[in-house]
Amino acid sequence: MRTTTMQHGYLELKLSWELFEKAPETLSDPERGRLDKVAAKQNTIERRILASAEAANVVVPAATLNTRLQEIRKRYPSADEFSQDLERIGLSEAELEGAVERDLYIEAVLEKVASEAAPVTAVDAEIYYRLHPESFDRPEARRLRHILITFDNDREKDKARTRLDVLRFTLKTATKFGEAAQRLSQCPTAMEGGQLGVVKRDQLYPQLEAAAFALPKGQISNVLESPIGLHLRKAPSLPHVLLHQARAFWVFFRRHWLWRGVELNFGGVN
């Protein structure tokens, strides 16, 4: 029973960062619902993978485990916040290490199976794209963060613009941008480091959209003005390119069908 609870706690921690790029306790009710649904499905798949014949003789190097643990710790501003999150989801550091090792073991098994398939070519990807156009019929979207300063008159506007102009050259990392948003931004998203989440076309003010979608990955925009104030925008991730999406989908489905064959050997997990 304790093992099941530990695995659920780790999946909650892992998926919260993968799906929403934030700690579990900051999730909204809809986000929590989605996380629980994905976690249940993933747990079923993982149990099947671990029970397969392909899982035999797979080893996780200690260096790989230590690197992954360090990556998890770096997501938190401090060691105290990391420990508090572990305590909240009911995990000790030793249990976290065990859960991460299990996760890496599963990844290694998947890589072993995938390596037996023929390499995915650009032709494969394009064929899949042509046969499944509905999978790619979606508006352009990207993940954005921002800092907003409002103003009531021209004097305040000039002061805010000067402040943001100076600030944009000092925010070299996502961490510094998030800290500045928490201190300065007058948007409710300040509490989450200025994260706007995934934004699609036509969801922004027209004065902001062109610059936001043209912004290179990791870059900070010039000072932008909208009806609600002055903004700095940062784009942590870029829009997907269709051919790259097709290649990813093709790899996914190759793995999926490989594992369908594996599942036939050990039914009973629903």
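Biologist: What am I looking at, and which caveats apply?
Modeller: This is a predicted model, in which local features need pLDDT of at least 70 and side-chain atom pairs count only at pLDDT 80 or more, while totals for chains, interfaces and linings use all residues. Residues are numbered from 1 along each chain as its sequence is written, and side-chain values use heavy atoms, with hydrogens and water left out.

Biologist: How many helices and strands are there in the protein?
Modeller: The protein has ten helices and four strands. Helices (H or I, at least four residues) and strands (E, at least two) are DSSP runs, numbered from the N terminus.

Biologist: And what pattern does the protein follow along the sequence?
Modeller: It reads α-α-α-α-α-α-β-α-α-β-α-β-β-α.

Biologist: How much of it counts as buried?
Modeller: Of the 270 residues, 39% count as buried. Buried means under 20% relative accessible area, exposed over 50%, and partly exposed in between, with a 1.4 Å probe and protein chains only.

Biologist: Switching to charges. How many salt bridges does a search of the whole structure find?
Modeller: The search finds twelve. The criterion is a side-chain nitrogen of Lys or Arg within 4 Å of a carboxyl oxygen of Asp or Glu.

Biologist: Give me one that involves Glu-12. Which residue does its side chain meet?
Modeller: Glu-12 pairs with Arg-88, at 2.8 Å from N to O. Glu-12 lies in helix α1 (residues 2–20) and Arg-88 in helix α4 (residues 79–88), so the pair ties together parts that are 76 residues apart in sequence.

Biologist: What about Arg-68? Which residue meets it in a salt bridge at 3.5 Å?
Modeller: That is Glu-71, with the distance taken from N to O. Arg-68 and Glu-71 both lie in helix α3 (residues 62–73), three residues apart, about one turn of the helix. Arg-68 is partly exposed at 21% relative accessible area, and Glu-71 is partly exposed at 42%.
Modeller: Arg-68 also forms a salt bridge with Glu-107, where the closest N and O atoms are 3.2 Å apart. This pair links distant parts of the chain, since Glu-107 sits in helix α5 (residues 93–115) and Arg-68 in helix α3, 39 residues apart. Glu-107 counts as partly exposed, at 32% relative accessibility.

Biologist: Which residues gather in the patch of positive charge?
Modeller: Arg-155, Lys-159, Arg-163, Lys-176 and Arg-183 gather there, on the surface. Patches are made of residues with over 30% relative accessible area and no salt bridge; like charges are joined within 9 Å, and nonpolar side chains (Val, Leu, Ile, Met, Phe, Trp, Tyr) within 5 Å. Lys and Arg count as positive and Asp and Glu as negative, while His and the chain ends are not counted. The place of a charge is taken as NZ of Lys, CZ of Arg, CG of Asp or CD of Glu.

Biologist: Which helices supply the patch?
Modeller: α7 (154–167) and α8 (174–184) each supply at least two of its residues, and the largest share, three residues, comes from α7. Arg-155 lies in α7 and is exposed, with a relative accessible area of 71%.

Biologist: Which residues form the nonpolar patch?
Modeller: Val-123, Ile-127 and Leu-131 form it, with about 310 Å² of accessible area together. Val-123 is found in helix α6 (residues 122–131) and is exposed at 56%.

Key
Areas by Shrake-Rupley, 256 points an atom, 1.4 Å probe, with all protein chains shown as cover.
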